[in-house]
Amino acid sequence: MPILHILILAIIQGLTEFLPVSSSGHLVLAWEVFDGLQVDQPVQAESDRLVIDIAVHVGTLVAVCLYFWRDLVDMLAGLLRLMAGRRGPGARLAFHIVLATIPLLVVGFLAKDIVTAMLRDVQVIAWATIGFGILLWLGDRMGMTVRRVEHMAAGEAFVIGLAQVLALIPGTSRSGVTMTAARFLGYERIEAARFSLLLAIPAILAAGALAGFDLYSSGNVRLGMDALIAGGLAFVAAIGAIALLMGWVRRASFTPFVIYRLLLGALLLAGIYLWDFGLPPAT
């Protein structure tokens with residue numbers, strides 16, 4: 001795989017996995033561009049794409065675990081105390097993360113082929129980018145800013161988990177839709193972002209495990225320099241993106257991300273319809 005493609009994919013995944021702008025949508029668009037540029041060459045093999053996909057997901061997983069290591073330690077300690085018969089906020093947070101992950105695991109397993117075959121389309125990405133961007137803006141504007149993760153009830157965690165299922169649609173943004181749900185439920189921006197990013201840990205683990213199983217089934221299991229470079233770059237980009245997001249939402253709204261989504265969606269739709277109407281693409 002060309003090193004430039006690896007660099008672009010790793011940076012896109014690292015930057016967009018945790019920002020509310022849809023990493024899957026950006027990756028689909030990147031592959032579309034790469035395939036379009038390889039006019040006289042064969043497109044990248046699916047197994048090679050899986051190798052890079054797993055590598056960049058591992059990179060982002062390490063990044064979020066490193067950034068939220070205190071929460072992870074608290075959850076582990078809380079679970080150990082729970083085994084001794086003592087309840088605490090750490091165990092409750094761990095339970096809420098697990099509960100919110102269940103809908104995505106079930107629907108993702110059952111609908112994986114549908115998502116891969118039918119929804120990885122530029123027009124779907126464009127409309128999802130715009131529609132869920134508007135929802136993010138509404139949730140941020142209408143939601144109260146009074147609640148913290150420590151106040152979360154099991155039913156609310158499950159609602160956020162149901163919202164996360166919508167992220168199977170490329171262009172939705174897993175982090176964006178879970179933050180939107182949390183804001184509608186009245187959670188502070190920083191708390192909505194915190195729970196969303198913690199919820200990314202089992203989601204990324206599940207996605208990586210599923211991609212790894214597909215790769216293993218294909219019989220082309222390898223870990224080369226491409227994967228190491230991709231994972232390392234994705235880790236660095238993800239650390240920067242998490243720090244940017246958490247620093248931003250401490251003092252400002254999600255509006256800049258909404259504006260970006262609306263502009264990107266409008267640009268994609270303009271390109272689609274201009275092309276369909278037989279006009280030359282913009283230069």
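Student: How do α7 and α8 pack against each other?

Tutor: This is a predicted model, and in it the two helices pack at an angle of about 145 degrees, with their axes 8 Å apart. The crossing of α7 past α8 is right-handed.

Student: What makes the meeting of α7 and α8 a contact?

Tutor: The cut-off is heavy atoms within 4.5 Å. On the α7 side you'll find Ile 160, Ala 163 and Gln 164, and they meet Arg 174, Val 177, Thr 178, Ala 181 and Ala 182 of α8. Sorted by class, that's five nonpolar, two polar and one charged. Arg counts as charged, so Arg 174 is the charged one here.

Student: Why are α6 and α8 called roughly parallel?

Tutor: Look at the angle: helix α6 (residues 122-142) and helix α8 (residues 174-184) cross at roughly 30 degrees, and their axes come within 8 Å. Angles under 35 degrees count as roughly parallel, so α6 and α8 get that label. Their crossing is left-handed.

Student: Which residues of α6 and α8 meet?

Tutor: From α6 there are Phe 132, Leu 135, Leu 136, Leu 138, Gly 139, Asp 140 and Met 142, while α8 brings Gly 176, Val 177, Thr 180, Arg 183 and Phe 184. That makes seven nonpolar, three polar and two charged residues.

Student: How do α1 and α10 pack?

Tutor: Helix α1 (residues 3-16) and helix α10 (residues 225-249) have axes 7 Å apart, at an angle of about 35 degrees. Here α1 passes α10 in a right-handed crossing. Residues in the contact include Ile 3, Ile 6 and Leu 7 of α1 and Asp 226, Ile 229 and Ala 230 of α10. By class it has 13 nonpolar, one polar and one charged residues.

Student: What makes a set of residues a nonpolar core?

Tutor: The residues must be buried and nonpolar, joined through side-chain atoms within 4.5 Å. The largest such core has 46 residues, and Phe 18, Val 64, Phe 195, Leu 197, Ile 242 and Leu 245 have the most contacts inside it. Among the elements giving two or more residues are α6, α7, α8 and α10, but α9 gives the most, with ten.

Student: Which residues does Phe 195 touch?

Tutor: Leaving out residues up to four places away in sequence, Phe 195 touches Leu 93, His 96, Ile 97, Ala 100, Val 149, Met 152, Ala 157 and Ile 160. Ile 160 also turned up in the contact of α7 with α8.

Technical notes: Residues are numbered from 1 along each chain as its sequence is written. This is a predicted model: local features need pLDDT of at least 70, side-chain atom pairs count only at pLDDT 80 or more; totals for chains, interfaces and linings use all residues. Side-chain values use heavy atoms; hydrogens and water are left out. Axes are lines fitted to C-alpha atoms, for helices over the stretch in contact, and angles run from 0 to 180 degrees between N-to-C directions. Helices (H or I, at least four residues) and strands (E, at least two) are DSSP runs, numbered from the N terminus. A crossing is left-handed if the near helix is turned anticlockwise from the far one by less than a right angle, and right-handed if clockwise. Angles under 35 degrees count as roughly parallel, over 145 as roughly antiparallel, 65 to 115 as roughly perpendicular and the rest as oblique. Buried means under 20% relative accessible area, exposed over 50%, partly exposed in between (1.4 Å probe, protein chains only).
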